[in-house]
Amino acid sequence: MGADVSARPRGIAILGSTGSIGTTALRVLERQGSRFRVAALTAFNNAGLLEQQVAQFQPGFVGIVANGSEPHAGWHVGPQCLVDAVQRDDVDIVLNAVVGAVGLEATLAALARGKRVALANKETLVMAGALVTAACASGGGELIPVDSEHSAILQCITGRQGVDVRRVIITASGGPFREWTPERLADATLEDALRHPTWQMGRKITVDSATLANKALEVIEAHFLFGIPYDQIEVVVHPQSIVHSLVEFVDGSVLAQLGVPSMELPVLYALTHPDRVPDSGVQPFDPVAHSPLTFEKIRSEQFPAFALGVAAGRRGGAAPAVFNAANEAAVSLFLDGRIRFQNIGSLIASALDAFGDLPGDSREAILAADSAARRFVQERFAC
Ligand code: MG
């Protein structure tokens, strides 16, 4: 593998290059230019930043999902650009860092062509886990997590047999409301929710971290990525975000992966796995400076989105897709200042009551459940 990595720079497509993960990835690639080459960049609507990235990295393909008024010669416009980018022959690895369900088609297309998908877009795996893992198996592709917790799990189990694992323990920072009382939580504002204690991230995932919906998404993500039954996946609150997750093996030994809370290493590792390469941008770890490391039970009664999401995962069918879609729609209303923080959980619960039993056995069924749940949340709010 080591020889293969150094043989020629591998072509990378970054979907969502102007977002938090995308810009982190480009910083990594700036330092790793001998190993990787930027083959394609796509952005949602930030044409200004995309222009600068294109000037610096000179990719062969440029796409923008929602183009503004100013046309750019040679840019591919519209959601189809995501799929077109990943199908190119000069793309070996797709970093899927778009936000939300819209990333699904590109993940499926890349896996069908036998490519590595470095997945930061956990929503696609949550809504369509069975389809994505089937596309991975039949197309000969690889699904490598970028999410820090799942990167930690992968790093702990790489080189071992799956049957050796007894339990995975996913860590959660607890978000900005970890110590808030229910009374105070009832008045939580958007500003409060966006003030994450340990991680700098995009707005949608930051709100998901405040509701703990993000941790439910990550439990479902772990289930599909590693084929681990839900009974063997636990979550523990770890406010320092230094231990990114733990894996317990059948002999009782527990391995963990530690590091400062930064996405540079998970992004780099998703590109180089199973190899490790030096990188000057990854911050050194100092056990004394990062002490103490503490762990707490998750307060699931305060954060209904967490339990609802895990239950949706266990329920299967279209339930995870309904959970994900209702959450996305509710978070978008919250980000627009149209609902209160507490409404996010109740909207998800109502959507799961209405659509949680829908089938999820095909792409069409999942997309139908996804749009039914979105419409439901939007309409309930409109009344
Ligand atoms: Mg995470």
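Two rings of Phe, Tyr or Trp (for Trp, its six-membered ring) are taken as an aromatic pair if their centres lie within 6.5 Å, and the pair is called stacked with planes under 30 degrees apart, edge-to-face over 60, and tilted for the rest. By this rule, the count comes to 4 aromatic pairs. The model is predicted, so that local features need pLDDT of at least 70 and side-chain atom pairs count only at pLDDT 80 or more, while totals for chains, interfaces and linings use all residues. Residues are numbered from 1 along each chain as its sequence is written, and side-chain values use heavy atoms, with hydrogens and water left out.

**View 1. The aromatic pair of F177 and F341.** The ring centres are 4.9 Å apart and the planes stand at 75°, so this pair is edge-to-face. F177 lies in the loop between strand 8 (165-172) and helix 9 (182-186), whereas F341 belongs to helix 16 (residues 341-355), and the two are 164 residues apart; helices (H or I, at least four residues) and strands (E, at least two) are DSSP runs, numbered from the N terminus. F177 counts as buried at 0% relative accessibility, where buried means under 20% relative accessible area, exposed over 50% and partly exposed in between (1.4 Å probe, protein chains only).

View 2. D147 (OD), E149 (OE) and E218 (OE) lie 2.1 to 2.3 Å from the magnesium ion; donors are N, O and S atoms within 2.8 Å of the metal (3.2 Å for Na, K and Ca), and sites may look incomplete because water is not among the atoms. Both D147 and E149 are buried.
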